[in-house]
Each structure stands twice: as C-alpha cells, then as structure tokens.
Amino acid sequence: MRRARRTLAATVTLAVASTTLTGCFEEPSPHDAVRDFLVGWQTEDYDLAAGRTDGDVATVRQALADAKLQLDAASFRFKITSIGVTGEESKADFHAEVDLGENNPLWQYEGVLPLHLVDGSWKVRWSPSVLHPQLKEGQRFAVATEPRPRQPVVDRDDDPLQSDTVLYVAGVHPNELGSRAEEVVAKLSEVTGYAQDRLLSRVRSSPPDDFVQLVTFGRSRYLSMQSKLAAIDGLEVRPQKQPVEPDAPRQLVGNVSALTPETEQKLGGPQRAGDSVGRNGLQQAYQNYLTGSTETKVITLDLKTGQQVAQLKEWPGRQNVSVKTTIDRVTQSAAERAVADTGTSALVAVQRDTGEILAVSTKGLHQERDALAGKFPAGTAFSIVAADALLKKGVSTKQKLACPQERTVGGAKFVYAGQSTGVTTSATLQENFARGCVTALASLARRVTADELERSAKALGVEQPWRLPLKSFSGSLPALPGDADKAKAIAGQNVQMSPLSMALVAAAVGSGTWRPPVLVTSPKSPDPAAETTPAVQPAPVPMDPKVRAALVGMMRAGAAGTPAQAGKGRVYGVRASADGQQGWFVGWQGDVAVAVLTKNYDPAAVAGTFFAGLRDPA
C-alpha cells in the first residue's frame with residue numbers, strides 16, 4: 001500500500017514536473033528534446049523518450065524499462081537544473097529522485113544529458129551514462145540488501161529472554177532462474193499470497209549471484225505448505241535459527257511470527273516480506289526497534305561476470321537494538337515456582353527502592369492483562385493506603401477497636417468472616433490491621449475526610465498516570481461523598497487495584513518513597529507508548545517518616561505467623577481478603593516487594609514460597 005501511495009504521489013506531481021520542464025525556455029533550443037526525454041522516462045512513455053535520442057529506439061526503450069526493473073523503482077522524478085548550448089552541441093543538467101520502494105529513502109543524484117543537432121533537430125546523445133554518469137556499456141543497475149537479524153529482548157543482566165527457534169526462509173538465486181524467474185515467482189505467489197509483482201521485482205533488482213530472501217515461514221505454516229514449496233523448481237528453503245521463542249515471563253516478552261502478506265500491508269514501517277514481526281508483548285511494542293531497517297545499496301554490476309563495479313549509494317538503515325528490561329532471572333524463577341501449585345494466581349515483584357519490575361508470574365491469568373492491567377477488588381489490602389491517611393490524622397496504632405462480626409457504618413453493612421461470635425474489645429488498630437478485621441477498620445471512617453483518603457491514595461500511586469510500554473492499571477478510587485463510601489474505601493470494597501499497583505504500595509512502605517514502575521530501561525526514548533501515555537513519569541513521592549515507621553510496624557505484625565514468614569529473613573506485609581474466594585498478600589522482604597493475588601488459595605503461602613526461593617534474603 002505504501003508503494004502504491006508513493007506511485008500515486010509521483011503521478012500527481014507530474015503536472016508540476018512537466019510545468020517545470022516546459023516553462024524554462026523558448027524555442028529554438030534543446031529544451032523540447034530534454035523535456036520529452038525526461039517526461040517520457042518519468043511517465044514510462046519510453047517511445048517518447050527514445051524518439052528524442054540518437055540511439056536505436058528499441059535499444060533505448062529497453063534500457064529505460066530495464067532500469068526501472070533493476071532498481072525496483074516505484075517512480076522517477078526529474079527537474080532540469082541548467083541547459084547550455086555551444087554551437088551544435090548542448091548539455092542539460094538534471095536532478096533525479098528515484099523512489100526505490102520498500103520504505104527506503106529516495107535516491108537522489110545529479111545527471112547529465114549531452115545533446116547535438118541531427119538534421120536540424122536536437123537529440124540526446126545516447127549512452128548508458130545518460131541514465132547515471134557512472135553507468136557504462138556492459139553494466140546494469142542492481143539493489144543489494146542486507147536484512148539485519150532481529151535483536152532480542154533481554155533481562156537486567158543482558159541475557160536474552162528468548163531461546164532459538166527455527167524459521168524457514170524461501171528464496172532464489174536469480175542467475176540460476178534465467179528466463180524462468182517469472183514462472184517461479186508466480187508459483188510462489190500462488191502458494192503464499194504475496195504479490196507476484198513485488199516478489200518478481202525483488203528478484204530482478206537483486207545481484208544475480210545473491211541468495212534473495214523472499215518469504216519467511218514459522219514452523220507450522222511451513223509444514224502446511226512444505227510439499228507445495230518443494231514442487232517449485234528453483235526455489236530454495238533454508239532453515240534459520242532465530243532467538244524468538246519467549247522465555248518467562250512469556251506473555252510480557254511476547255511472541256514473534258514471520259511476516260505474512262496481511263501483516264506486511266498492515267504494519268508498513270521498515271518491514272519487508274520475509275521479516276519477523278512481534279505479535280504481542282514487548283516484541284510488538286518495540287517492533288521497530290528490534291527489527292531496525294534493512295541496509296540497502298544501489299550498485300552497478302558487470303553483465304558478463306555479475307561482479308560489482310561501483311557503489312552509487314548506500315543507506316545503512318536505522319540500527320536495530322535489543323530491548324533491555326528490568327526482569328531478574330532468579331526472581332522470575334522464584335515467582336514461577338511460587339504459583340506453580342495454584343489454580344488462579346498472579347504475582348508481581350518489584351525492586352523496593354526503584355520500582356523496577358523484577359518478575360511477573362501468573363497461573364490461570366494473563367501476565368499483562370491481569371497482573372499489570374487487571375482491575376481487582378482491593379479488599380482489606382487497601383487498608384495500607386487507608387492507614388496512611390488515618391495515621392496522618394493522629395490515629396494511634398495502639399488505639400483499641402472492637403471487631404464485631406457485623407457492623408453498619410453510614411448505612412453500609414460490613415461483615416468480618418474471621419469473627420464467629422461475640423465482640424472483641426481489646427484489639428489495637430495494629431492487631432485489627434494485621435488480621436484484616438473489616439468491621440474494626442470501617443469504624444474509623446468518621447476519623448478521616450474523603451480528601452485525606454484521596455491524597456493518601458494518590459501519594460501511593462492510585463490513579464497515577466505512570467508510563468509503561470505495556471497495558472497497566474494504577475488503581476481507581478471512586479468519589480467518597482459520605483461515611484459509608486469512606487468506610488467501603490478503608491475496607492477496599494469500592495476500590496480496584498492491579499497486582500502491580502499493590503506491589504508498588506508495598507515498595508513505597510518498604511523504601512519510604514512511592515515510585516512509578518519501570519519495565520524497560522533501554523531504549524529510553526522515544527518510548528513506543530508515547531502516543532497513549534504521559535510524556536513524563538510521575539515524580540517519586542516520599543512518605544511521612546513517622547507514618548512510614550508506624551506502617552512498617554503494622555506490616556511486620558501483619559506477616560507474623562503467616563506462611564509468608566516461612567523462609568529466612570524478616571517479612572513485612574498483610575494478608576487480606578477481597579471477597580469470599582479472592583485473597584491478597586502485599587509486602588516485602590529485603591529489597592523485593594511483592595503483591596500476590598489468588599483465588600481459593602492462601603496468598604501468604606505463595607509469598608512464602610516466593611521469598612524462600614530468592615537469593616540472599618535480608
């Protein structure tokens with residue numbers, strides 16, 4: 001489609017070019033001959049162009065047509081820059097722009113048309129140098145390309161997060177096809193769906209001794225048409241190892257497939273048939289960085305030997321680069337083992353002091369859609385955020401609160417499933433926080449305003465417009481017009497959070513500063529998500545030191561006695577319930593903060609297995 005648009009553009013600008021060519025000079029002059037030759041060449045009216053030369057019409061016509069094929073040119077455009085006359089000799093200088101298609105830059109060069117009078121008429125003195133000053137007899141144009149292999153997505157230690165898989169590259173050697181090129185390409189087009197003219201143009205424009213890559217297949221697609229490809233005499237299929245099979249976290253890294261006719265048309269950009277394309281995850285988000293663009297050279301070849309004579313122009317293409325993530329292999333492995341025995345779970349681990357995402361693992365859920373971007377009821381895990389607001393208002397962690405089985409606040413009813421009978425009057429705020437007593441926590445709704453809850457939520461990342469190359473969710477807090485709404489917020493019943501956003505809350509308490517998440521550290525700019533996310537990450541938000549100290553103590557109590565504390569090293573956190581089946585553990589150990597979301601499984605047990613699998617716990 002891009003090629004078609006360029007050709008259309010050339011057609012549209014032809015009128016301008018023709019005006020330029022016809023409006024410069026008055027007769028008598030060589031102007032008409034120059035104009036007709038260049039306009040004929042530009043519009044593929046080769047008879048018009050050839051008739052304005054002193055060469056054999058058939059020879060000139062063929063040379064002009066061959067030049068277009070040999071360059072695989074979408075269009076030519078010309079502009080006269082000067083014409084000089086000396087007696088019966090003339091010289092016209094012109095500027096040429098050749099659109100080589102395939103998303104390459106325009107090839108621009110300066111050409112010269114020598115003219116002389118033949119029986120009173122000006123004629124272009126024909127030779128191959130009319131097409132380009134460096135093209136000689138017995139030579140032809142060619143376009144040599146060198147596709148760059150796809151670069152990997154890597155972890156924080158620069159190790160690839162992919163393993164090798166075999167792709168199958170179908171191609172030809174043009175010199176072995178001879179006059180059969182069109183027949184071979186027609187058969188390949190019929191089998192694969194790629195446009196016949198594009199495949200043929202690539203064959204004709206390439207150096208004849210080169211192996212010209214035409215189509216790349218993934219394993220399943222290749223096997224489905226292997227017999228048909230094998231039946232095409234002159235077509236060669238080469239297995240090619242490429243590091244595109246994703247390792248954990250697989251759904252964040254993303255899958256890669258060979259470019260198909262449909263995706264080639266859809267993507268545009270630097271891709272060309274035979275390239276690989278990211279289908280999802282970081283492979284898709286950073287497609288243009290990972291693939292870069294093909295190195296392209298315009299050269300001249302000796303017709304007899306096929307050897308290169310001169311290089312007329314070179315485009316190195318944009319350098320492709322690997323994408324460096326913050327994923328840590330050891331942490332990711334520990335996360336994978338931790339969720340292995342669950343039915344439905346998500347675990348996100350972040351570096352406590354930086355917000356860098358170290359690991360994302362799920363079972364029965366999706367790593368991007370659920371672990372990063374999921375919208376789940378926060379439940380009493382949100383009491384960490386509510387406690388920040390309450391402590392700032394002077395509520396003491398030692399304040400005694402009753403923990404009845406049921407309580408009504410502002411007309412909203414709350415039920416604590418962990419209390420079967422009676423009313424507990426001796427538990428402190430810290431103790432009620434640690435065991436997730438929703439009725440006790442909800443009773444504090446009148447001690448804090450809606451604005452104060454909203455400020456604490458924002459300070460701990462809720463609804464912050466952070467910047468990630470993949471979909472993510474920073475949480476949502478509704479309007480809180482009354483006590484019932486505030487009580488529901490303290491209990492997390494009207495709040496939605498993602499495992500990522502909760503892990504960042506834990507990291508904020510553990511480090512003393514909330515920081516936005518980071519998944520990719522290189523390339524830094526421009527970010528492929530720039531059109532859909534803010535240009536600048538939100539700034540880190542320091543916590544009140546006294547409030548943070550109190551919260552650390554509360555979360556130390558919250559993890560004590562739970563399976564999260566099964567391994568070595570002290571664990572801080574809170575085990576929380578969001579509904580009858582869904583539970584959270586949010587906390588940290590050493591420099592790793594984590595949020596675990598499970599269904600019908602103890603999230604603290606998952607956290608304990610995870611922490612036990614980490615190296616050097618602090």
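This is a short tour of a predicted model, moving from a sheet and its helix to a hairpin and then to several salt bridges.

Begin by selecting β1 to β4, which make up an open sheet of 4 strands in the order β1-β2-β3-β4 with antiparallel pairing. Because β1 (75-86) and β4 (121-124) each have a single partner strand, they stand at the edges, and one side of each is left without a neighbour in the sheet. Neighbouring strands here are turned by 25 degrees against each other on average, direction ignored. Within the sheet, β2 (residues 89-99) and β3 (residues 106-118) pair over 11 bridges, and Lys 91 has Pro 114 in β3 as its bridge partner.

Next, select residues 295-302 and 308-315, the strands β12 and β13, which pair in the antiparallel sense over 6 bridges. They form a hairpin with 5 residues between them, and Gly 306 in the turn has a positive phi of about 75 degrees. Thr 300 has Ala 310 in β13 as its bridge partner.

Turn now to the salt bridges, of which the structure holds 24. Show Glu 89 and Arg 125, whose closest N and O atoms are 3.0 Å apart; this pair links strand β2 to the loop between β4 and β5 (139-146), across 36 residues. Then show Asp 602 and Arg 575, a salt bridge with closest N and O atoms 2.8 Å apart, joining the loop between β26 (592-599) and α22 (603-612) to strand β24. Finish with Asp 32, Arg 35, Asp 36 and Arg 52, which salt bridges with shared partners join into one network.

Terms used:
Residues are numbered from 1 along each chain as its sequence is written. This is a predicted model: local features need pLDDT of at least 70, side-chain atom pairs count only at pLDDT 80 or more; totals for chains, interfaces and linings use all residues. Side-chain values use heavy atoms; hydrogens and water are left out. Two strands pair if DSSP finds at least two bridges between them. Helices (H or I, at least four residues) and strands (E, at least two) are DSSP runs, numbered from the N terminus. Axes are lines fitted to C-alpha atoms, for helices over the stretch in contact, and angles run from 0 to 180 degrees between N-to-C directions. A salt bridge is a side-chain nitrogen of Lys or Arg within 4 Å of a carboxyl oxygen of Asp or Glu.
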